Amino acid sequence: MNTTTGADAIVLERLTKRYDGRAVVDELDLAVRRGELFALLGPNGAGKTSTVEMIEGYRRPDGGTVRVLGYDPRKEGGRLRPNLGLMLQSGGLYSQLRPIEALELFAAFYPEPLQPIQLLAQVGLSRVARSRYRDLSGGERQRLSLALAIVGRPRLAILDEPTGAMDAQARRETWGVLRELREGGTTILLTTHLLDEAEALADRVAIIDRGRLVALGTPAELRRGMGVARPVAGLPAEGGPVQAEGSMATGAAPGVPPAELREVRLELVAPLDAERLAQVGRLPTVQALRVDRPGVYVLRTASAGDLLVELSTWLLTVGIEPLAIRVGQGSLEDVFLRLVGEGGGS
Amino acid sequence: MSAVQAWRAFVAQARVELLLTTRRGENLLVTLAIPLLLLVFFSTVPLLPPPSWGGRQVDQVVPGILALAVVSTGLVSLGIATAFERAYGVLKRLGGSPLPRPALLAAKTLAVIVTEIVQVVLIAAVGAILGWAPPGGIVPGIIAALPWLLLGSIAFCALGLLLAGVLRAEAVLAVANGLYLVFLLLGGIIIPLDHLPQAIAVPASLLPPAQLAGLLRGTLEPGGVVDPIQAAALAAWAVALVAATLLTFRTE
């Protein structure tokens, strides 16, 4: 019965979807491994839901192929769906039905379902088990939707923006549920526009923008790979002037940091003119420098301690008061903003 | 999905469909309260011309009310409920579950049949209290009328689903209720078509409610005759509406 080949639960090859001639999913290649929690991250309108709905069999691709657990979701949906748990962004429920009744209904669709009452407790809905669906809050509906997606013990759960309408507390609880689900062996594909969610949960993250894959890797890999391409002009080795407008180029393959770049970064917030900036760029331990936004500079170094000493000395010498100096790893947010652009990926 | 699993899924879905039928108050109003109210009102208040065969008023009211019951269940109740299930994404969610589509259709069909059985029993019972006495008796009369009730159910359920599958839910709400009123007044349901002016009666006779009401009158009124042309016309409507629904229905 299981026709899956290899270790991948989902395989997309050159997957394409167009609306009115515009590609919203553009030759996307992606593979989700069995047992992993995979996050599809992107700004609103990046093509996440279109991608997911082709995986679920709701939409017909205009090009490329989808295999889900070895099946074609449009032609072999009948055999695929018993293995699948779906949480749709737009999936509602009978307004007059109670959560416990909805879970009992969906439990009856699967051969070895979870206990509806226990599952309701697990997602924190025991208190409203006998309320009508129409009386639930947005967050409660979403938790019920999650419960409906996993009541059948699916091999693969596909969750579209699972925590969108939840408050912080509910979000944390949901993360716990998802981690447990993954521990139990379920493969999870989730979409999110929340960076902290992808960072906290995912084994691997794919960042998509305008229907294209722009980065793929573990959260740590993506963080290390931020800056992504090559050092800018102004490195000591080159000795040239730093271009104040020159943010770091992103031409090379994303997710692959040059070997000489280590993951320590230092953020300097200070009023610097072009000449002063060039001086910073020539400090011996600076490996790369870019202008994050006016007045905010990100330095990359192999040795943050040495750089701090050099930088402090230099600041004292030239008489500039820094507004802030921060040392640390980049967050996924930095990667994300770099790759999809600030202001929603334009 | 195994046959046993598909049966379990069907039973669970049918249970929910029936449960929801009882929970929708507006549903019970249109399927039960209004037909029974009209039955009692027009059987007891002498507004209609007396039956041509000189019997009781109730004898010419019950066949039309049975037609109205079928219209209310198929067009109004099923149509509006399905339209909102589509609008709220219930159909989409079910479509992504292992529930086989035939099991969903069977569950909805069962809910319609159960509703109609309750309607027919209540209408016959209230009719009997008011003195309804079809030729050959009530039970044989109902049995003789079953083919027309079934054919009418297919036509009006298809009409309800046709609207639900293409229009916005709010539009279905308006159109279904509007048609219900038009059919009630001009479909030969309360006022037999031959009491209406020719200019209305002739076009109205081409529509399925007049055909259903005509067939039920032909079966249940003293001296009534079933018109085979009406039966053929209603069957043609049923086929056309089912085909149109199958071609156009969208779950999203």
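Strand β1 (residues 8–19) of chain A runs antiparallel to β4(A), and five bridges join the two. This is a predicted model, in which local features need pLDDT of at least 70 and side-chain atom pairs count only at pLDDT 80 or more, while totals for chains, interfaces and linings use all residues. Residues are numbered from 1 along each chain as its sequence is written, and chains are lettered from A and ligands numbered from 1 in the order in which they are written.

**Sheet in chain A**
- Helices (H or I, at least four residues) and strands (E, at least two) are DSSP runs, numbered from the N terminus; two strands pair if DSSP finds at least two bridges between them.
- The order β2-β1-β4 (chain A) describes an open sheet of three strands with antiparallel pairing.
- β2 (22–33) and β4 (63–68) of chain A each have a single partner strand and stand at the edges, so one side of each has no neighbour in the sheet.
- On average, neighbouring strands of this sheet are turned by 15° against each other, direction ignored.
- A:I10 has A:V68 in β4(A) as its bridge partner.
- Helix α1 (residues 48–55) of chain A packs on the sheet and touches β1, β2 and β4 of chain A; contact means C-beta atoms, placed from the backbone, within 7 Å.
- The direction of this helix makes about 120° with that of β1(A), where axes are lines fitted to C-alpha atoms, for helices over the stretch in contact, and angles run from 0 to 180 degrees between N-to-C directions.

**Nonpolar cores**
- A nonpolar core is a set of buried Ala, Val, Leu, Ile, Met, Phe, Trp, Tyr and Cys residues joined through C-beta atoms within 7 Å; buried means that 20 or more other C-beta atoms lie within 10 Å of a residue's own, with C-beta atoms placed from the backbone.
- The largest nonpolar core has 143 residues, and A:A147, A:I207, B:L66 and B:A155 have the most contacts inside it.
- Helix α3 (residues 57–87) of chain B gives the most to this core, with 17 residues.

**Helix packing and chain contact**
- Helix α1 (residues 3–23) and helix α5 (residues 101–129), both of chain B, pack at about 40° with their axes 8 Å apart.
- That angle makes α1(B) oblique to α5(B), oblique being what is left after under 35 degrees (roughly parallel), over 145 (roughly antiparallel) and 65 to 115 (roughly perpendicular).
- In chain B, 19 residues are in contact with 21 residues of chain A.
- α1(B) gives the most to the side of chain B that touches chain A, with eight residues.

Technical notes. Two residues are in contact if their C-beta atoms, placed from the backbone, lie within 7 Å. A residue is buried if 20 or more other C-beta atoms lie within 10 Å of its own, exposed if 12 or fewer, and partly exposed in between; C-beta atoms are placed from the backbone.
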